[in-house]
Amino acid sequence: MGYCFMSTQKIKTMGSLASKYNHNYRKVEVANADPDLADCNQELVSLAGPDGRELDYNEAWKERVKDLDWAERGPRKNAVLAIEVVTTFSREENLDLEAWKQQNVEWLQKTFNVAPDGKSNVLSVMYHADEPGNVHCHAIIIPVDERGNLNASRFLDGRQKLTEMQNSYAKDMESFGLERGLENGQARHQNIKKYYADLNNAIKVSEPEPQETALDYRDRVLEELQTAQAAAMRERREKERQMERRLAERRIAQEKELKSEREALQREKKEAAEALKKEYASLIQELRKGKQEYREQAGELAELHARILEKRQELETLKGNLDDANTLSAKAAFYDEFQKQYALLEQMDPQRAERFRQDLSYMSTLSERSR
């Protein structure tokens, strides 16, 4: 019979949430994780957004709460933004790991999905198999309660609630031959892993031999323990050296890669700067040329405007001359007609014609005087 364990931790800031993401998704180097075993890790509940793009915890948190009533004004000060739930067990040879992973996801969804909008509060579940000790799961929970409020107290506050949650988890793990750990135990995730790493490699003491005295048995067991302890220490140190070597090699490779990327980036920046410099010089040249062309065109336009004004004046003068010519022509035609009528009057009535001539002469004299 093995034991199952479940622990919780409150997350109160976006910075802490980002750190959890970097650790759980191995975005940073984790000291006690073996990089060669990274492929053994598995995302059990995906962080992908609606468009399929992978989100981080902060982005996924905002996506989850964006439609809730309080989302626009934000969470209250000192609110618990999320809960991290870590689940693990003492190693058992015949445990079905795939079924255990699935059962963990189902228990998390059953326990924490109480929001009225029907969306899942289980933001992410990551399975880790690259650290010393036993495998374990990290789940990030958004504590939205039945009224749609961010309310971690609904799940965690009070010994009774935590006890009920531990009992609920243990009940779901019974099918794997696991039972609940000690009630009110003070163990945490880190020392649980260390304890079971040691427990899985525990030394078995040999049985007393027939006719062997207690003193001889004690001496033999002590010698066996010392030998086993020395061997275990050598093995542990060798593993530590191997891991340190792998980490050092990986760090050197990353440093070389980063150096190469920095150099490439610097080259790109230099080339981009040179290209911008040339483009800037070309634009300045074009601007100067444009200004010169503008000045030339402005001069041509001014000259054309002056010519237009001059031609307009000439046109006005010509129009006046034409009006004068038309007036003179009309006057000449009138005078000719007048002469014809006067001549006819002289023939028909000479005396009346003379009186008319005298009247015209008198009117002409008055007109001259008035000028």
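## Briefing: a sheet, its covered strand and its salt bridges

Strand E5 is covered on both faces: His136, His138 and Ile140 on one side and Cys137, Ala139 and Ile141 on the other are all buried (under 20% relative accessible area; exposed is over 50%, partly exposed in between, with a 1.4 Å probe and protein chains only). This is a predicted model, where local features need pLDDT of at least 70, side-chain atom pairs count only at pLDDT 80 or more, and totals for chains, interfaces and linings use all residues. Residues are numbered from 1 along each chain as its sequence is written, and side-chain values use heavy atoms, leaving out hydrogens and water.

**The sheet**
- Six strands form an open sheet: the 6 strands run in the order E2-E4-E5-E3-E1-E6, with mixed pairing.
- Strand E2 (42-45) and strand E6 (178-180) are the edges, as each pairs on one side only.
- Strands are DSSP runs of E with at least two residues, helices are runs of H or I with at least four, and both are numbered from the N terminus.
- Two strands pair if DSSP finds at least two bridges between them.

**Strand E5 and its partners**
- 6 of the 6 residues of E5 are buried, so the strand is largely enclosed by the rest of the structure.
- Strand E4 (residues 122-128) pairs with strand E5 (residues 136-141) in the antiparallel sense over 6 bridges.
- Histidine 128 has histidine 136 in E5 as its bridge partner, and valine 125 has alanine 139.
- E3 and E5 also pair in the antiparallel sense, over 6 bridges.
- Here isoleucine 83 stands opposite isoleucine 141 in E5.

**Salt bridges**
- A salt bridge is a side-chain nitrogen of Lys or Arg within 4 Å of a carboxyl oxygen of Asp or Glu.
- The count comes to 11 salt bridges.
- Glutamate 131 bridges to arginine 26, with the closest N and O atoms 2.8 Å apart.
- Glutamate 131 lies in the loop between E4 and E5 and arginine 26 in the loop between helix H1 (14-24) and E2, so the pair ties together parts that are 105 residues apart in sequence.
- Glutamate 131 is buried, at 7% relative accessibility.
- Arg26, Asp130 and Glu131 are linked in a network of salt bridges.
- Lysine 110 bridges to aspartate 172, with the closest N and O atoms 3.0 Å apart.
- This pair links distant parts of the chain, 62 residues apart: lysine 110 is in helix H3 (residues 97-112) and aspartate 172 in helix H5.
- Lysine 110 is exposed at 53%, whereas aspartate 172 is buried at 14% relative accessibility.
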